[in-house]
Each structure stands twice: as structure tokens, then as C-alpha cells.
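Student: Please take a close look at one part of this model for me. I would like to understand the interface between its domains.

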Amino acid sequence: MGKPAHFSTKERILAAAEELFAQHGFAGTSLRQVTSQAAVNIAAVNYHFGSKENLINEVFRRRMDVMTAQRLQQLEAALRDHPGQLEPILAAFIDPALALAQDRNGGAAFVRLIARAYAEHNESLRRFLSDHYGHVLREFGKALAAVLPGLDKETLYWRLDFLAGALTYAMSEFGLIKRPASASEAAHRSRAARELIRFAAAGLQAEAR
């Protein structure tokens, strides 16, 4: 399928790689497939990315950088405008991710890509994500610890890990609740966010044993 002419070569490669990695996995996608779909030659991939491993990282970076910035901005606003409140912190973590999942410009493919990352145990990618985005979870962990003083650090991070898993599942829309035909995508996303925030708040505030 042809790409709009105004897309740069680098953007065409990233878009093609994201779609193909989502469909076939990282190991199952060759650079030749990427170059064919992006209508570029292998030299262009080498020039912009250097290697397949770095191409995978950059596919994640272009989505994660935007989501990370939104999360941290909303977290800052939550701490400033709603000090001591749990749900605004959770909203700052959840809302940008659900918005990304519903992005018409490749959001669904990126959600499938996240599932691939979990399934394929790509250690290089995991290191990349930890090195570049681990600080986001630490910032949220610190904010949550301040409003949940009764939780020890280990319990808090167990629960934050469960929240991240539930959020990934909500992003994928694999569950029982599908968007009704009468509801807009924005309204459905807002409902999903509200329900997940309430669920997460109850779980985080449960008595530790």
C-alpha cells in the first residue's frame, strides 16, 4: 500500500517496520520485507538506523517519547493541582496510554507490538525500554508511595506491575467489553479509563498482608 508522498524516508521505514513487526514479530520480519513495504532500499535503512536492533528500538521510541512526555506532564499537574489524591496520579498514568492505543495513525499496530515484546522476550528491547523509560515508573512509584504511606516499596511495585499489565490489556481491547456501536471512541476510552482508575485505586489501597 503506497505511503503519502510527504512522508520522509525515515517515517516510511518506521511505519512499515511497525506494521510488519506487529504482524510477524521481530524475528519473523526481515529488513527486506521492511524495505519492500516502505519502498526504499537497504542502504536507506542502514543510513537511518544502522541495524535491525536499532530500528526496533526507534519504532518504540517514536511512540514512547510522546506518551512519556504526556504522562510526566499530567503527573506534574496532578501533584500540583490535587495534592495527596490517588486517582489523579492514576489518571496521569492511564489516560495517555489509552489515547495512544486509539490513535488512528498506527495506534492499534503499536499495541500489537507491545504484546509481541512481552511474548518474544527480546532482551535487547527490554534493556532499551528500561534504560530510556524506567524513570517514568520510578516517578509514578514515588508519587504513589507518598499517597499510600502504609504500603512497603515491594508491595507497591507488585501492584504497580499489575496495573501496567491491566493497562496493556485494556489498550488491546481483547476483553469482554467492546465499544458499543452507539458510543464514540472518545467516550469508550473515557469509560475504560474511569473503570480502570477505580479498579487500580481499590487494589492499591487494599490492606497489605
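Tutor: Confidence comes first, since this is a predicted model. The protein chain has a mean pLDDT of 89, with 93% of its residues at 70 or more. Helix α2 (residues 31–38) has the highest confidence, at a mean of 96, and helix α6 (residues 107–120) the lowest, at 82. Residues 1–6 stay under 50 in pLDDT. For that stretch the model has four contacts beyond four places in sequence.

Now the division. Domain 1 covers 7–50, and domain 2 covers 56–205. Their C-alpha centres are 27 Å apart. Across the interface, 12 residues of domain 1 are in contact with 16 residues of domain 2.

Next, the area. The two domains bury about 1,200 Å² between them. Carbon and sulfur atoms carry 65% of that area. On the domain 1 side, Glu18, Ala22 and Phe26 supply 56% of the area buried against domain 2, more than any other three residues.

Domain 1 and domain 2 share two salt bridges. Glu18 takes part in a salt bridge with Arg62, side chain to side chain, at 3.2 Å from N to O. Glu18 is also one of the three residues that head the buried area of domain 1. Five residue pairs are in polar contact between the domains, both residues at pLDDT 80 or more. By class, the side of domain 1 that touches domain 2 has eight nonpolar residues, three polar and one charged.

Conventions:
Residues numbered from 1 in each chain as written. Heavy atoms only, no water. Domains from an automatic or database assignment. Contact = heavy atoms within 4.5 Å. Buried area = accessible area lost by both parts, 1.4 Å probe. Salt bridge = Lys/Arg side-chain N within 4 Å of Asp/Glu carboxyl O. Polar contact = N/O pair within 3.5 Å; in protein donor to acceptor, adjacent residues only side chain to side chain. Nonpolar A, V, L, I, M, F, W, Y, C, P; charged D, E, K, R; others polar. pLDDT = per-residue confidence, 0-100. Helix = DSSP H or I, 4+ residues; strand = E, 2+ residues; numbered from the N terminus.
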